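Subject: The model, and some notes on it

Hi,

Here is the structure I promised to send over. Please have a look at it first, and then read on for what turned up.

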Amino acid sequence: MTVDATVGAAALVLGDDALVLSHRLGEWAGHAPVLEEEVALANIALDLLGQARVLLSMVGDEDELAYLREERAFRNLQLVEQPNGDFAHTIVRQLFFSTYQHLLHAELAAGDGPFAPLAAKAVKEVAYHRDHAEQWTLRLGDGTEESHERMRRACEALWRFTGEMFQPVAGVDVDGERLESVWLTSVGEILRRATLTVPEGPRTGAWRAGAGRQGLHTESFGRMLAEMQHLHRSHPGASW
Amino acid sequence: MATAAAHQTASTQEYGAQGAVGDTTAYESAFDAAVAADERIEPRDWMPDAYRATLVRQIAQHAHSEIIGMQPEANWITRAPSLRRKAILMAKVQDEAGHGLYLYSAAETLGTSREELLDKLHSGRQKYSSIFNYPTLTWADVGAIGWLVDGAAITNQVPLCRCSYGPYARAMVRVCKEESFHQRQGYELLLALSQGTPEQHAMAQDAVDRWWWPSLMMFGPPDDESAHSAQSMAWKIKRHSNDELRQRFVDICVPQAESLGLTLPDPDLRWNEERGQHDFGPIDWTEFRDVLKGNGPCNEQRITQRRRAHEEGAWVREAAAAHAARHTGETGATRA
């Protein structure tokens with residue numbers, strides 16, 4: 001399937017988010033705090049990878065796009081490329097992203113644009129991801145002193161990457177401002193129930209956080225791609 | 001539930017006071033009769049202490065193998081060379097965690113707990129399959145594990161679907177379905193490599209060369225050195241001897257290797273017309289014993305990673321428990 005240039009660029013934006021976060025979650029395999037989380041994190045990673053494959057295939061060959069683009073050509077949010085850190089860090093990243101992704105896909109699914117069919121399927125998966133992140137936010141925020149402190153630090157560290165989600169993307173037909181206000185209310189409510197506070201730091205701005213959509217990424221991203229792409233790049237033209 | 005009258009007597013007796021010696025003998029003959037009649041022993045049934053202990057040991061070791069077995073494959077998730085292969089591999093590693101969960105549950109029906117079993121794994125008091133102490137050095141190893149390691153596991157596990165202990169047998173039915181799917185995926189991965197570029201073919205051959213003998217060791221020591229075999233077969237936990245299963249596996253693999261266009265690294269491997277089976281070369285039992293003793297290539301690394309995941313996750317489990325204690329019923333919190 002070929003799509004026009006604007007839709008293609010938008011598919012790349014949405015596809016890269018899913019691809020990169022899926023990769024980060026894949027790094028948890030064999031390291032999760034309980035077996036149930038081995039299953040859950042892999043499950044979420046697989047859902048995201050499935051979404052990424054559909055989106056990248058709208059643009060071209062999924063493997064060429066995943067394995068042969070360089071860092072500056074990726075359009076994912078800086079939020080999703082952030083290293084896993086501890087479990088709290090991963091959960092806060094999941095909370096921020098899955099809340100956004102759920103709102104986004106619900107809106108796309110309700111419209112009649114080129115992403116509506118994909119969003120209709122994805123919104124069901126993402127509702128589960130969001131529920132998973134919310135439940136863990138409540139458990140960890142309102143768990144022990146240590147878990148609360150780890151969640152507080154993770155919220156502070158990741159907050160600066162959240163503004164980027166609501167910047168307009170050509171071809172993605174949603175009202176970013178409205179999405180942002182619903183997101184802020186929703187995440188704020190969960191953090192409050194988890195006895196955490198909404199961080200006060202900037203969400204974007206002078207500091208270049210929020211440039212992922214233009215192909216400007218954080219330092220760890222290049223290393224992530226080096227690992228992800230090395231085998232594919234070592235065998236040019238091979239099929240697997 | 002078993003139906004033999006004698007067996008029901010034994011089940012009922014379980015609720016009474018600890019039986020005298022004479023009663024125990026009655027329970028024992030009821031148990032023996034149930035096993036002889038190919039009935040399933042269920043958690044509430046009386047069973048000999050040694051039967052219970054053997055099952056706990058075997059099911060726990062099986063569960064541990066699923067959990068440790070995630071590591072060599074997870075090692076390649078972030079480097080899988082195509083998105084399709086990456087999805088297949090992630091799904092497989094996820095299935096393994098799921099198999100670990102079924103098996104710990106089956107073991108718990110015998111009166112132990114997952115926590116206790118994990119503790120025994122972490123402290124080296126319980127083992128896992130020796131095969132997972134070998135490293136995955138190339139992408140082709142993921143295929144070799146699917147084809148050979150899962151293939152050997154299936155050969156071992158299919159008979160366990162008829163094991164005398166009900167919860168274990170039922171877990172095996174589910175596990176075997178998924179394992180045979182993994183095995184076909186591994187074969188297909190190797191086939192793609194074997195038919196690919198010369199470099200890919202060489203990668204596939206090298207992986208098969210390294211995984212063949214360790215896979216044959218998965219069936220355990222030869223029959224005349226297998227400590228638990230005779231008793232396990234009498235109890236119908238095991239249905240075939242180690243050597244029988246190993247022979248069956250070799251006979252299955254030889255034609256598959258041919259259709260893969262790969263060779264098996266055994267100069268003595270040949271069809272024996274008289275036996276109607278393949279002859280194969282001697283296994284290096286010294287290596288097998290070394291790996292079991294903890295001196296394989298990855299023993300230290302595997303157990304260290306498992307312990308670290310558990311230790312680093314302690315605060316998460318404590319938080320979940322603390323939250324559940326305060327909010328039971330409110331948020332659907334899970335147990336720690």
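Let me start with a residue on chain A: A:Glu146 has a relative accessibility of 38%, so it counts as partly exposed, falling between the 20% and 50% cut-offs. Please keep in mind throughout that this is a predicted model.

What does A:Glu146 pair with? It forms a salt bridge with A:Arg150, and the closest N and O atoms of the two are 2.9 Å apart. Both residues sit in helix 7 (residues 145-159) of chain A, where a spacing of 4 residues is about one turn of the helix.

Over on chain B, B:Glu73 makes a salt bridge with B:Lys92, with 2.4 Å between the closest N and O atoms. B:Glu73 belongs to helix 4 (residues 70-74) and B:Lys92 to helix 5 (residues 83-108) of chain B, so this pair ties together parts that are 19 residues apart in sequence. Are these two buried or exposed? B:Glu73 has 1% relative accessibility and therefore counts as buried; B:Lys92, at 5%, counts as buried too.

In total, the structure holds 29 salt bridges over all chains. Another of them links A:Asp17 with A:Arg213, whose closest N and O atoms are 2.9 Å apart. A:Asp17 lies in helix 1 (residues 5-26) of chain A, while A:Arg213 is in the loop between helix 8 (176-193) and helix 9 (219-234) of that chain, so the pair ties together parts that are 196 residues apart in sequence. Both A:Asp17 and A:Arg213 are buried.

The largest pocket has a volume of about 1,200 Å³. It is lined by 46 residues, and those closest to its centre are B:Gln58, B:Gln61, B:Asn156, B:Met218 and B:Gly220. Which elements give two or more residues to this lining? They are helix 3 (49-68), helix 7 (140-157), helix 8 (166-194), helix 10 (229-234), helix 11 (242-260) and helix 12 (285-295), which belong to chain B. By residue class, the lining has 17 nonpolar, 18 polar and 11 charged residues.

Best wishes

Conventions. Residues numbered from 1 in each chain as written. Chains lettered and ligands numbered in written order. Predicted model: local features only at pLDDT ≥ 70, side-chain atom pairs only at ≥ 80, totals over all residues. Heavy atoms only, no water. 1 Å grid on protein atoms, 1.4 Å probe; cavity = no way out; pocket = protein on both sides within 12 Å on 5 of 7 lines; lining within 4 Å. Points joined across faces, edges and corners; volume = space filled by probe spheres on them. Nonpolar A, V, L, I, M, F, W, Y, C, P; charged D, E, K, R; others polar. Salt bridge = Lys/Arg side-chain N within 4 Å of Asp/Glu carboxyl O. Buried < 20%, exposed > 50% of the residue type's maximum accessible area, 1.4 Å probe, protein only.
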